[in-house]
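This report describes selected features of a single structural model. The sequence and coordinates are shown first, and the discussion follows.

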Amino acid sequence: MEWQARNDKMDGFQTNERYYLWSHGTAMIAERPILGYGTGGGNDALNRSLFHEKASFWDGEEMRPLNERRYNFHSAYLQHLGNHGTPGLLLLLLILLYPLFKYRGAIGLQGQLFLWACLLSFTTESMLQRQA
């Protein structure tokens with residue numbers, strides 16, 4: 001869906017900002033990959049980066065420019081890279097993957113499924129950030 005909207009195949013009614021958030025986010029992370037922008041600083045830097053973005057999106061009632069609202073990275077992995085750099089991402093992955101492989105038997109199938117669901121869900125949402 002995002003790819004179709006990006007290539008103007010959705011009649012101008014884009015509804016998913018993630019393409020732009022991830023694009024701007026990865027460009028910012030490339031500038032400061034080791035230490036990031038600090039706790040909460042990633043969102044501020046992302047929104048500064050989006051300030052000149054011209055893309056508009058359908059919100060159900062009208063078209064509105066992307067830079068009208070404040071956003072997070074919409075990916076827990078990008079969020080941790082943006083805020084805390086590579087060490088933050090590695091810590092997040094360690095917290096999720098270590099029990100999945102080290103304590104596989106102790107956490108059982110339900111625990112494993114939960115961790116896999118988290119790993120997948122964190123790809124498209126900053127689930128550890130407070131809700132707007």
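Where is the place of Ser 75? Ser 75 sits in the loop between β2 (63–65) and α4; helices (H or I, at least four residues) and strands (E, at least two) are DSSP runs, numbered from the N terminus.

## Basis of the description

The model is predicted: local features need pLDDT of at least 70, side-chain atom pairs count only at pLDDT 80 or more, and totals for chains, interfaces and linings use all residues. Residues are numbered from 1 along each chain as its sequence is written, and side-chain values use heavy atoms, with hydrogens and water left out.

## Surroundings of Ser 75

Ser 75 is buried, its relative accessible area being 5% (buried means under 20% relative accessible area, exposed over 50%, partly exposed in between, with a 1.4 Å probe and protein chains only). A polar atom of the Ser 75 side chain lies 3.2 Å from the backbone oxygen of Thr 123.

When residues up to four places away in sequence are not counted, Ser 75 touches Trp 22, Phe 122, Thr 123, Thr 124, Glu 125 and Ser 126; contact means heavy atoms within 4.5 Å.

## The nonpolar core

Phe 122 is also, with Tyr 77 and Leu 96, among the residues with the most contacts inside the largest nonpolar core, which has 25 residues. A nonpolar core is a set of buried Ala, Val, Leu, Ile, Met, Phe, Trp, Tyr and Cys residues joined through side-chain atoms within 4.5 Å. Two or more residues each come from α2 (18–31), α3, α4 and α5 (104–124), and α4 gives the largest share, eight residues.

## Leu 89 in helix α4

Leu 89 belongs to helix α4 and is buried, with a relative accessible area of 17%. Leaving aside neighbours within four places in sequence, Leu 89 is in contact with Tyr 77, His 80 and Leu 81. Leu 89 and Tyr 77 are 12 residues apart in sequence, and their C-alpha atoms are 6.2 Å apart in space.

## Crossing of α3 and α4

The axes of helix α3 (residues 41–50) and helix α4 (residues 76–102) come within 7 Å and cross at roughly 100°. Axes are lines fitted to C-alpha atoms, for helices over the stretch in contact, and angles run from 0 to 180 degrees between N-to-C directions. The two helices, α3 and α4, are therefore roughly perpendicular (65 to 115 degrees).

Gly 41, Gly 42 and Asn 43 of α3 make this contact with Gln 79, Gly 82 and Asn 83 of α4.

Technical notes
Parallel < 35°, antiparallel > 145°, perpendicular 65-115°, else oblique. Polar contact = N/O pair within 3.5 Å; in protein donor to acceptor, adjacent residues only side chain to side chain.
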